[in-house]
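Me: I am new to this structure and would like to go through it slowly, one question at a time. Please show it first.

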Amino acid sequence: MIRFVLQRLLALIPLLLIVSLLVFSLVLLIPGDPAFQLAGEDATPEEVEAIREAMGMNDPVLVRYLRWLGGVLQGDLGTSLFSDQPVLDVIVERLPVTLSLALTAIIFSLAISIPAGVIAGTRPGSLADRLVTIGSSVGLAVPNFWLGLMLILMLAIWNPWFPATGYTALGDSLVGWWMHIVLPAFTLGLSASAILTRQLRGAMVDVMEQDYVRTARAKGLPYRKVVTKHALKNAAIPMVTILGLQTNSLLGGTIIVEQIFGMPGIGQLAVSSVFTRDLPMIQGVVIMAVFVAVLVNLLVDLSYGYFNPKVRPQ
Amino acid sequence: MSEAVFNGASGSGFARLLRRFRDQRLAVWSLVFLAALTAAAALAPWVAPYDPLAQNLDTVLEPPGADHWFGTDELGRDVLSRTLFAARISLLAAAQAVLIALAIGVPPGLVAGLWGGRMDSIIMRATDALMAFPPLILAVALIAVLGPGLTNAMIAVGILLSPTFLRLMRATTMAVAQETYVEAARSIGCTRTWIIRKHVLPNVVSPLFVQISVFAGVAMLAEAGLSFLGLGAQPPDSSWGAMVGRGFRYISHAPSLIVFPGLAIAVTVLALYVVGDGLRDSLGREVRRE
C-alpha cells in the first residue's frame, strides 16, 4: 500500500512541474512592463524600481523561475504587494474558512444526491425518476451566485432565519458556525449534487440489471440490503471519480460564494487581489488551490481500493 | 466551419443526427426558444419598450408593473429593456468563449489523435496540467494578469474549456484512424489533410455539436459569474451577470433587479443543456458508446 502511494506521488511530480511553470508564467503574461503595471498609475519611478527589485525582474527568466520554484518548495510563496505580509501566512489564515465551506458543501451534495440518485435509479421511468431528472437539470442551470442571492432574500431578509453574511469559526461557536455555513454551503453544493445525482442514477439503473443483483434478490435477500450492499457500493465507484472532479469546481465556486456571503476565505482573497493587482498573492492562491485539488484526487484514487478489491494494490 | 465539413457530413452522420433530433419535442422547443431569444437580442433596439440607458429619477427602484414589466433600477432605467440589451452581451460572450475554446482545442486534438507518439504525450501532459487547475480560480488569475474586461474574461474561459474539446477530438480521431478505410486511404497514398477532411471531420462533427451546446451553457454561467464579480462586462456594457452584480446592492429594496436577469441566465442555460442532451440522444449508438 505504501509503495502504491509513493508511486502515485512520484507520478505527480511532472504534473506539478508543468503547473508551477504555468503559474510562474502568469508574470510574463502581463502586457508591458510588469513592475510598472503592478505599481499602479501614479507610482514614482523609485516605487517601480523597488517592485522590479523586489520581484527580481532584472534577472533572466530561467533564474527567476528556479528561484521562485525553490522558494515555493520551501513554503515561501513570496510577499504580498498590497499588505507586505508573507503570502503563505495570509493563505493559511484564510484556508479554514474555505475548507469548511467546501467540505460542508460536499456533505450537503452527497446528502442530496445519494437518496435522490437511489430513488430515481431503482425506479427508472417513474414519476419520482422524472422529477429527480428535471430537478438535476435545473440545479445545473441555475447560476450559483443567483441561487445564493435568492436564498439570502428568502431566508435572511424576508424570513430572518439565517444571517445574510459573515462567518464564525468552528472553534468559536458551533451553532454560530452552522448558522453561517448552511446557506453558502447549499449554494456551493447544489450544482455538484445535480451532477452526482445524474451520475448515480445512471449507474444504479445499470447495476440493478446486473446478474449478481438478480441472484441476490432471487436468493431472498431483503430488497433494502440488495440496494445498499450490492447495487449502491458498485454504483458508487464512478460517483467517487465525479466527486474528485467536482472538487475543482467547488474550489472555484468558493470565489463567488464567499463574495456573496462575505466570508473571509481564499476565494474572497483571490477577487480582492485582482483589484489590487497583487500578483504574488494570486499565484499563491492558485498554487494552494491546485495543491488541494491534486491531494483530493490522490485520495480519490486510493479510495478505489475500498470500493473495488480488484484494483487494490498487492 | 468550412463548407467541406457540411458536405462531407450531410449524407451520413450529421443528417441522421438532425432527423433523430427532430423527434425530441423538449429539445426542439428549447432550440426554438434560443432562436427567439437570439432574434429578440438582435432586434433589441426595435423591440425593447424603452432606451436601456434612459434614466428617470422619478421612477427609481419600482417593482414590476404595467409601465415597466420587470420594474426599474436605481437610476430609473427599464429593467426589461436592459435585460433584452444584456442578452446581446451574454450570448455573444458565450459564443466568443466557445469559439476560442474550439480554436485552441480542436487542432492539437486532431494532431494528437492522428500523429500519436511523442507529440501526443506532450499535448496530453499539457492538457492534464491545465485540467489540474480549479477552473474559476485559473480564470481569475488570468484576468488578474490581463486586466478585467469581457474579452479577457472570455479568453480565460475559452482556455479553460479547450482541454475537453481537445480530448474529444483526440479520442474520436484515434478511433477513426484505426478504421480499415483510413488504413486503405493511407495505403493508396492519400495525404493526411485529405484524410482529415474526408474521414475524420465528418465523424467528429456530431459529438462536437453536443459538446458545443453544453459548453455554450457552461461559458454563459462562467461569464455571468465573472461579470457578477466585476471581472467581466464593464459599464456601460451590461450582461445578465453584471446586472445581478449591480442589483446585489438593492436586494432588499428591489429584488426584481436580480430576479429577472438571473432567471434569464437559468432558463437560457437550461435550454442549451436540453439541446445538448437532445443531440446526444440523437447520436448513433456507435458514437454514443464513446
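**Questions on the two chains**

Reply: From the N terminus on, the elements of chain A run α-α-α-α-α-α-α-α-α-α-α-α, where helices (H or I, at least four residues) and strands (E, at least two) are DSSP runs, numbered from the N terminus. This is a predicted model, in which local features need pLDDT of at least 70 and side-chain atom pairs count only at pLDDT 80 or more, while totals for chains, interfaces and linings use all residues. Residues are numbered from 1 along each chain as its sequence is written, and chains are lettered from A and ligands numbered from 1 in the order in which they are written.

Me: What percentage of the residues of chain A count as buried?
Reply: A residue is buried if 20 or more other C-beta atoms, placed from the backbone, lie within 10 Å of its own, exposed if 12 or fewer, and partly exposed in between. Along its principal axes the C-alpha trace of chain A spans about 80 × 55 × 35 Å. Of the 314 residues of this chain, the buried share is 39%.

Me: Is Asp84(A) buried or exposed?
Reply: Asp84(A) sits in the loop between α4 (61-73) and α5 of chain A, and has a positive phi of about 65° although it is not a glycine. Because Asp84(A) has 8 C-beta neighbours inside 10 Å, it counts as exposed.

Me: Which residues does α5(A) bring together with α8(A), by class?
Reply: Helix α5 (residues 87-122) of chain A and helix α8 (residues 174-208) of chain A pack at an angle of about 35°, with their axes 5 Å apart; axes are lines fitted to C-alpha atoms, for helices over the stretch in contact, and angles run from 0 to 180 degrees between N-to-C directions. Ala, Val, Leu, Ile, Met, Phe, Trp, Tyr, Cys and Pro count as nonpolar, Asp, Glu, Lys and Arg as charged, and the others, Gly among them, as polar. By these classes, the contact of α5(A) with α8(A) has 20 nonpolar, 10 polar and one charged residues.

Me: How many residues does each chain give to the contact between chain A and chain B?
Reply: Two residues are in contact if their C-beta atoms, placed from the backbone, lie within 7 Å. The contact takes 41 residues from chain A and 37 residues from chain B. On the side of chain A that touches chain B, α1 (2-29), α10 (223-260) and α12 (279-307) are among the helices that each supply at least two residues. That side of chain A divides into 33 nonpolar, seven polar and one charged, within the totals of 41 from chain A and 37 from chain B.

Me: Which residues of chain A does Ile137(B) touch?
Reply: Ile137(B) is one of the residues that touch the most other members of the 164-residue largest nonpolar core, a set of buried Ala, Val, Leu, Ile, Met, Phe, Trp, Tyr and Cys residues joined through C-beta atoms within 7 Å. Not counting residues up to four places away in sequence, Ile137(B) touches Leu251(A), Gly252(A), Ile255(A), Ala270(A), Val285(A), Val286(A) and Ala289(A).

Me: What is the average pLDDT of chain B?
Reply: pLDDT is the predictor's confidence in each residue, from 0 to 100. In chain B, 93% of the residues score at least 70, and the average is 84.
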